[in-house]
Amino acid sequence: MADEELEALRQRRLGEIRAEHGDPSTDPSQQEAKQREAEIRNTILAQVLDQAARARLSNLALVKPDKAKAVENYLIQMARFGQLAGKVSEQGLIEILEKVSQQTEKKTTVKFNRRKVLDSDEEDDY
């Protein structure tokens, strides 16, 4: 086979595999929808947060993306229902972060299983 034919077969097979597994990277409409959603989120957050709070939230997103996403969703929901009066300052964002941390806090417990070990020194050899 020629190199062009082999490359065409590879590309076609790769497309088939991606289609079977539902890979969104091949569907441009899904990519555009995700991009529009991200733009809408960013514009809402830009209207709701001041610069210092946005910087803090972006730093949090680098370290803990799931917590940052939860805070963003919380802020967007509050903005949509009109529960925010003006822009949220950095101190306000810290309070919101503390609320979210308390709600999602994982309680860890440590349980010790102490086993009795038979020691030859404790046994009486009479």
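**Salt bridges and a helix pair**

Reply: Glu16 and Arg13 both belong to helix 1 (residues 3–21), 3 residues apart, about one turn of the helix. Their side chains form a salt bridge, at 3.3 Å from N to O. Keep in mind that this is a predicted model.

Me: How many salt bridges does a search of the whole structure find?

Reply: The search finds 3. One of them joins Glu72 and Arg41, with the closest N and O atoms 3.0 Å apart. Here the partners come from two helices: Glu72 is in helix 4 (residues 65–80) and Arg41 in helix 2 (residues 28–48), so the pair ties together parts that are 31 residues apart in sequence.

Me: Which class of accessibility does Glu72 count as, and which does Arg41?

Reply: Apply the cut-off of under 20% for buried. Glu72 is at 16% relative accessibility, so Glu72 counts as buried. Arg41 is at 13%, so Arg41 counts as buried as well.

Me: What do the side chains of Arg56 and Glu90 form?

Reply: A salt bridge, at 2.9 Å from N to O. This pair links distant parts of the chain, with Arg56 in helix 3 and Glu90 in helix 5, 34 residues apart. Arg56 is partly exposed because its relative accessible area is 33%. Glu90 is at 28% relative accessibility, so Glu90 counts as partly exposed.

Me: At what angle do helix 3 and helix 5 pack, and how far apart are their axes?

Reply: Read angle, distance and handedness together. Helix 3 (residues 51–63) packs on helix 5 (residues 90–103) at about 35°, and the axes are 8 Å apart. Their crossing is right-handed.

Me: Which residues meet where helix 3 contacts helix 5?

Reply: List each side in turn. Helix 3 brings Ala52, Ala53, Arg56, Leu57 and Leu60. Helix 5 brings Glu90, Leu93, Ile94 and Leu97. Sorted by class, the contact has 7 nonpolar, no polar and 2 charged residues.

Key:
Residues are numbered from 1 along each chain as its sequence is written. This is a predicted model: local features need pLDDT of at least 70, side-chain atom pairs count only at pLDDT 80 or more; totals for chains, interfaces and linings use all residues. Side-chain values use heavy atoms; hydrogens and water are left out. Axes are lines fitted to C-alpha atoms, for helices over the stretch in contact, and angles run from 0 to 180 degrees between N-to-C directions. Helices (H or I, at least four residues) and strands (E, at least two) are DSSP runs, numbered from the N terminus. A crossing is left-handed if the near helix is turned anticlockwise from the far one by less than a right angle, and right-handed if clockwise. Contact means heavy atoms within 4.5 Å. Ala, Val, Leu, Ile, Met, Phe, Trp, Tyr, Cys and Pro count as nonpolar, Asp, Glu, Lys and Arg as charged, and the others, Gly among them, as polar. A salt bridge is a side-chain nitrogen of Lys or Arg within 4 Å of a carboxyl oxygen of Asp or Glu. Buried means under 20% relative accessible area, exposed over 50%, partly exposed in between (1.4 Å probe, protein chains only).
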